[in-house]
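Hi everyone, thanks for coming. Today I'd like to walk you through some aromatic rings and their neighbours.

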Amino acid sequence: MMNQDTRQVIILHNPLSPNPTEDERDVLDQAHLVKEALKELGYHSQRMEFNLNIPWFINGVREIDPEFIFNLVETVDGRGKLSFMAPAILESRNIRFSGSGSTAMFLTTDKVTAKKILRSEHIATPDWATTSEAIQPEKEYILKPISEDGSVGITDELIYMGNRIEHIPEDWFAEEFIQGREFNVSVLAGARGPEVLPPAEMRFRNYTEERPRILGYKAKWDTDSFEYKNTVRSFAFEAKDTSLLAELKRISAHCWSAFGLKGYARVDFRISNEGIPYVIEINANPCISPDSGFIAACEQAGLGNTEVIKRIIDDIDRK
């Protein structure tokens with residue numbers, strides 16, 4: 001093993017707000033997981049916050065002179081739509097970093113742009129509208145922010161019939177709500193190409209017919225809520241789901257190549273009552289905190305945290 005002092009790594013993340021919410025604080029859990037794995041791999045790491053004072057940021061990086069940067073930046077100036085700026089700045093300075101590049105980050109963070117690409121690739125995604133004039137009155141929709149992840153802004157109250165939608169706020173869109181099952185499929189880089197990990201289904205227990213089965217903000221972050229306590233991740237399936245799981249894995253691999261993803265990713269699906277898989281979101285650089293869906297899928301595949309981080313690092317120089 002080389003001297004740790006010669007193998008410096010920066011763990012880059014967004015600064016937290018003065019009163020951070022649970023979804024904001026989660027990035028520190030991710031940073032700790034990465035730090036421990038890097039230590040096992042023989043690296044000395046330190047955390048750094050990304051901000052828009054670019055000369056100051058670049059000078060700080062140059063002073064440390066890292067072998068690479070592990071990029072965990074989820075927001076810039078508090079906005080998810082600007083997360084592509086961190087890899088863009090690093091690319092412009094030829095600084096090596098983990099995960100997807102600026103183009104992939106931009107394309108996947110903007111959900112409407114991502115849906116247009118999915119359609120061009122003949123991958124099913126729910127219909128959508130960005131203006132009330134494009135709404136179909138007979139369809140059911142869920143209103144979503146265009147550029148936030150982690151289910152930020154998603155609540156039960158945002159599901160409407162089309163004939164009740166009079167206005168779509170700026171930076172939001174209306175997506176056709178697919179009644180049915182919800183799945184997450186994680187993808188991890190490997191020496192022989194991307195490995196699609198075991199699919200997970202989000203199962204909604206004790207939900208009444210009136211309560212929408214969605215993975216909203218409460219289900220992910222509010223530990224005292226009904227949604228959090230009754231939404232569970234499962235990797236156990238019956239034989240009848242075999243073909244569906246194979247199709248989800250095929251589509252996820254297609255998304256990896258179509259969007260030029262690197263390192264690690266997660267694809268979220270809704271399955272209609274007719275059995276049609278619809279991609280609702282593609283997550284480049286998804287959450288990798290210890291209790292995240294991505295790490296759970298890695299565990300199902302028999303991969304420990306150190307091996308996962310090593311494979312993400314090994315993918316840095318893939319063209």
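Let's start with Arg7, which lies over the face of Tyr43, at 4.1 Å from the ring centre. A charge sits over a ring here if NZ of Lys or CZ of Arg is within 6 Å of the ring centre and within 35 degrees of the ring normal.

A word on the source: this is a predicted model, where local features need pLDDT of at least 70, side-chain atom pairs count only at pLDDT 80 or more, and totals for chains, interfaces and linings use all residues. Residues are numbered from 1 along each chain as its sequence is written, and side-chain values use heavy atoms, with hydrogens and water left out.

Now, ring against ring. How many aromatic pairs does the structure hold? Seven, counting rings of Phe, Tyr and Trp (its six-membered ring) with centres within 6.5 Å; planes under 30 degrees apart are stacked, over 60 edge-to-face, and the rest tilted.

Take Phe84 and Phe106: their ring centres are 5.3 Å apart and their planes at 85 degrees, so this pair is edge-to-face. Phe84 is partly exposed at 23% relative accessibility, and Phe106 is partly exposed at 40% (buried means under 20% relative accessible area, exposed over 50%, partly exposed in between, with a 1.4 Å probe and protein chains only).

Phe183 and Phe237 have centres 5.8 Å apart and planes at 15 degrees, so they are stacked. Phe183 is buried, at 0%, while Phe237 is partly exposed, at 23%. Phe237 also has the charged end of Arg203 over its ring, 5.3 Å from the centre.

Finally, a trio: Phe204, Tyr207 and Phe226 form one aromatic cluster.
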